[in-house]
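Thanks, everyone. Let's get the structure on the screen and walk through how the inside is packed.

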Amino acid sequence: MAGGYGNVGANLRVFRNFSRDVKSFVGERDGQMIIDKFKGIQETSESFYFAYVVDSDVHLTKLFWADAIGRRNFELYGDAVSFDATFNTNKYNMIFAPFTVLDKHDKCVTFAACLLSHENIVDYTWASNHFVKAMGRNPVVILTDRCPSMKVAVHNSFPDKNGLIASKHRLCMWQIMQKIPIKLGNHLCKETELWRK
């Protein structure tokens, strides 16, 4: 933006000091800051949906959100939804689990996302229930990995009740293709006739 690092008007020491000051300012309030931010967005946008849970120590344990664009995209592309909870790279050890799909241009579209403290049935069911509440209907197909907790949560959260059609649960093809060599052994995987079938 400034035409190069030399034109910024600061050196590495200034950036490190700024980073330290921001971390000091935020401290332990970062969970509350995101809740306050989402409350502000919800006041200005009726289509913004979020839900959260804090534990007895007032630490954020679950957070779900869906904005107006994600909810509108679900109306257009929401027949098949991928729920992928394999992202665990933040400093809080919370799982980032987006609800996504590929649109007609093969571009990734995110409908909603959540941060979960545990990969268990309770947390996955909570996130899936809020997904249905935010979107107003079940997806036709829900794609997940082979996680047993997620399988139970999908069955619990996307049934055919309250006038909604039950979602069909399918496994992600990438997950299946990764497991074939492990389950069948390398000898069978080298047979081209097997792969054709």
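Start with the largest nonpolar core: 30 residues, of which Phe64, Phe83, Phe99, Phe111, Cys114, Tyr124 and Phe131 touch the most other members. A nonpolar core here is a set of buried Ala, Val, Leu, Ile, Met, Phe, Trp, Tyr and Cys residues joined through side-chain atoms within 4.5 Å. Buried means under 20% relative accessible area, exposed over 50%, partly exposed in between, with a 1.4 Å probe and protein chains only. Elements giving two or more residues include β1 (49-54), β5 (108-116) and α5 (148-157). α4 gives the most, seven residues. Helices (H or I, at least four residues) and strands (E, at least two) are DSSP runs, numbered from the N terminus.

A word on the source. This is a predicted model: local features need pLDDT of at least 70, side-chain atom pairs need 80 or more, and totals for chains, interfaces and linings use all residues. Residues are numbered from 1 along each chain as its sequence is written, and side-chain values use heavy atoms, without hydrogens or water.

Now Phe64. Beyond four places in sequence, its partners include Tyr49, Phe99, Trp126 and Phe131. Touching, or contact, means heavy atoms within 4.5 Å.

Next, Val81. It sits in strand β3. Is Val81 buried or exposed? Buried, at 0% relative accessible area. Leaving aside neighbours within four places, Val81 contacts Phe74, Phe99, Phe111 and Leu143, among others.

Last, the helix pair. Residues of α4, including Ile121 and Tyr124, meet residues of α5, including Met150 and Val152. The contact divides into six nonpolar, six polar and no charged residues. Ala, Val, Leu, Ile, Met, Phe, Trp, Tyr, Cys and Pro count as nonpolar, Asp, Glu, Lys and Arg as charged, the others, Gly among them, as polar.
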